[in-house]
Amino acid sequence: IADLWFTEYQTPNLRLGLRIEDVLLNKQSKYQHILVVDTKQYGRVLVLDGAIQLTEKDEFCYHEMMAHLVLCAHPEPKKVLVIGGGDGGVVREVLKHDIVESVTLVDIDEEVIRASKTFFPTVSCALDDERVKIMPMDALVFVKEHHDEFDIAIIDSTDPVDFASGLFEQSFFEDVHAALTESGMMVAQTESPFAEPELLRDAVLGLRHTFERAFLAWGSVPTYPTGLWTYAVGSKKFDPRIQRRSAPTGLKYYSDTMHSLAFELPPFVKEIV
Ligand code: AG3
């Protein structure tokens with residue numbers, strides 16, 4: 001029996017190993033290496049440049065938080081911008097809100113969208129919805145060309161390396177701020193306080209300098225480095241810690257109570273930001 005393992009170097013000193021049942025896709029796109037493996041522990045896994053983006057078993061923890069934290073805090077989220085997130089997981093959650101009229105998905109790599117449609121039907125299922133508009137381009141360029149347009153922006157990026165590093169910088173947050181309407185809100189995934197404390201601090205500081213209000217939320221994602229993950233929320237007008245619309249039914253991680261809990265930071269995280 002073959003004993004095949006996928007290993008992610010989560011930090012130089014920490015690896016996660018998953019036993020592989022099958023390799024479904026292994027290719028280099030114009031932008032990054034794309035790997036899809038089937039694993040015993042977590043089901044199918046999408047890996048970009050060696051970093052796990054989602055697994056079938058725990059993707060709900062991340063995608064529900066990315067979407068509902070801001071969509072439930074905003075009173076009228078009609079136009080939504082998703083940056084990165086070509087797998088479609090965030091879009092699926094966003095469209096659980098009937099009030100949403102359009103979702104614009106800006107991902108640099110069309111191959112990720114294609115891979116998700118082929119291998120992750122339960123994640124990519126909303127990408128063909130008529131409210132979704134897909135723009136395969138660099139988000140740094142896209143946000144410079146749009147003003148006063150979106151109620152919500154969700155930054156579902158890869159780790160801040162290579163073409164994604166600009167998505168963690170203050171100048172980008174400033175462009176997102178300008179692309180949002182006067183009551184706009186944004187959320188960005190900001191990595192782990194154990195693995196990347198400096199990065200987390202810089203991102204939150206950048207957001208505080210840019211947005212009228214900025215807060216950090218946290219949650220658990222078992223397959224991301226250290227399992228403890230953070231979400232930085234910037235808002236022009238409304239306090240995002242207050243839930244203004246209740247959670248869609250049938251969720252598995254986010255709930256009305258989890259909303260306020262997420263913004264209650266453990267002391268060691270408070271110290272970082
Ligand atoms: N985007 C954030 C993934 C970060 C994980 N980092 C890592 N494994 N080193 C996920 C995209 C899913 N829609």
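A residue counts as partly exposed when the number of other C-beta atoms within 10 Å of its own falls between the limits for buried, 20 or more, and exposed, 12 or fewer. In this predicted model, Thr226 has 16 other C-beta atoms within 10 Å and is therefore partly exposed. Thr226 sits in the loop that joins strand 11 (213-220) and strand 12 (228-235), and its phi is near 70°, a positive value in a residue other than glycine.

Asp49 is found in the loop between strand 4 (43-48) and strand 5, with a positive phi near 45° although the residue is not glycine. With 16 other C-beta atoms within 10 Å, Asp49 is likewise partly exposed. Most residues other than glycine have a negative phi.

## The shell around the ligand

The ligand is surrounded by 15 residues, of which Ala51, Ile52, Gln53, Leu54 and Gly89 are the closest. Strand 5 (51-55) and helix 2 (89-94) each supply at least two residues of this shell, and strand 5 gives the most, with 4 residues.

Sorted by class, the shell holds 6 nonpolar, 6 polar and 3 charged residues, and at least three of its residues come from each of domain 1 (5-55) and domain 2 (59-272).

## The largest nonpolar core

The largest nonpolar core has 76 residues, among which Ala153, Ile154 and Val187 touch the most other members. Helix 1 (residues 59-71) gives the most to this core, with 9 residues, and the core draws at least three residues from each of domain 1 (5-55) and domain 2 (59-272).

Leaving aside residues up to four places away in sequence, Ile154 touches Met66, Ala67, Val70, Val80, Val82, Ile83, Val90 and Val187.

Note on methods:
Residues are numbered from 1 along each chain as its sequence is written. This is a predicted model: local features need pLDDT of at least 70, side-chain atom pairs count only at pLDDT 80 or more; totals for chains, interfaces and linings use all residues. A nonpolar core is a set of buried Ala, Val, Leu, Ile, Met, Phe, Trp, Tyr and Cys residues joined through C-beta atoms within 7 Å. Domain bounds come from an automatic or database domain assignment. Two residues are in contact if their C-beta atoms, placed from the backbone, lie within 7 Å. A residue is near a molecule or strand if its C-beta atom, placed from the backbone, lies within 6 Å of it. Ala, Val, Leu, Ile, Met, Phe, Trp, Tyr, Cys and Pro count as nonpolar, Asp, Glu, Lys and Arg as charged, and the others, Gly among them, as polar.
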